Amino acid sequence: MIKQPRRLGVLRVGLYIIIGGLLLPRPSSAQQIYIDNLFVQRVNGNCVETDQAGVPQFWCPPLGANICQGISDATGSCPPACQLGQNGGALEPPGSWTETGSMNTQRTAFTATLIPNSQGFLQDVLVAGGTNTATGIGAAQALDTAEIYHSSNGSWTYTSSGLKTARFNQAASAVTLGNGDIEVLVAGGVDGSGNVTASAEFYNTATNGPWTLTGSLNTPVQGAIAITIPQGAWSGSSSCGSNGVGCVLVLGGNTSASAASGITGAAEAWNPIAGTWANVASMNVPRFQYQAVFIPKAAWGGSSLCGNPVGCVLAV
């Protein structure tokens, strides 16, 4: 039985990964990949999409499809052998789960953020912080380690350095800078002393770190949600400024290490260029251990709920 939620990531359409979490009686480092009707080939025991030589470089359409979905091979077309499932290609049963490599450190209450890999056709996962005890919030057993899941071969490697502040129940989100570099922000959480922290730091995926401190939250919080909001959605607001890349919104959570008190609807915006935080309007309802997502304007259709021309955040 799963006592505490695990982390789910979408490596690409039709391929999902579940990571870690708290399995009775202790945290887990095990991962599973979910395959939804994909052509794959097993390479070194891992399910990946490859060319006929076993080199990962493309993925192929579902059975019976006539077009190549996703990134094509070097010739710009989807290899017929892959379309037909020939020459070593295999069709995994739809809706199946396949074990993949385990994390180096078992953990729960961590963050998992999708980041691009060097091959471009899949995404890797950056896992940071968490706790490896089963005693829950306030246990003061925070981790300062971070590691990356390499989707091309199912392996895990630690980042070049650990977090500046050991933490669990923090918020995290990735933002793309003007030069194409991607920074993953980690903010708040419960630190190694069992206190809710306002500290924040980021990891540059292009340089493999190190973790770098940035401005602290105005209010310490744990169990919040972090969402990257594009620059256009901040039009007319001075909270993000005109940095050209957007800001990370951290909202909700708990200002206390106890889930019974301190639940908040407050929100702050992190400017990745200036490294500063600005308070923004609070949610109507305080929320803790919930979900939120940015939805582009087009997905709202004719609804009047989102008046922003770029999109809005939905919290549930």
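I shall speak about aromatic pairs, then a sheet, and finally a surface patch.

This is a predicted model, in which local features need pLDDT of at least 70 and side-chain atom pairs count only at pLDDT 80 or more, while totals for chains, interfaces and linings use all residues. Residues are numbered from 1 along each chain as its sequence is written, and side-chain values use heavy atoms, with hydrogens and water left out.

Let us start with the aromatic rings. A pair of such rings is described by the distance of the centres and the angle of the planes. Rings of Phe, Tyr and Trp (its six-membered ring) pair if their centres lie within 6.5 Å; planes under 30 degrees apart count as stacked, over 60 as edge-to-face and the rest as tilted. The structure holds four aromatic pairs. One of them joins Tyr149 and Trp156, a tilted pair with 5.1 Å centre to centre and 50° between the planes. Are these two residues buried or exposed? Tyr149 is buried at 0% relative accessibility, and Trp156 is buried at 8%; buried means under 20% relative accessible area, exposed over 50%, and partly exposed in between (1.4 Å probe, protein chains only).

Phe202 and Trp270 form another tilted pair, with 6.2 Å centre to centre and 40° between the planes. Phe202 belongs to strand E19 (residues 200–204) and Trp270 to strand E23 (residues 267–271), so this pair ties together parts that are 68 residues apart in sequence. Strands (E, at least two residues) are DSSP runs, numbered from the N terminus. Phe202 is buried at 16%, and Trp270 is buried at 0%. Together with Trp277, Phe202 and Trp270 form one aromatic cluster.

Strand E23 leads us to the sheet. Four strands form an open, antiparallel sheet in the order E21-E22-E23-E24, where two strands pair if DSSP finds at least two bridges between them. Which strands stand at the edges? They are E21 (225–229) and E24 (276–280), each with a single partner strand, so one side of each is left without a neighbour in the sheet. E23 and E24 run antiparallel and are joined by five bridges. Asn271 has Thr276, in E24, as its bridge partner.

I close with the surface. Val293 lies in strand E25 (residues 292–296) and counts as partly exposed, at 43% relative accessibility.
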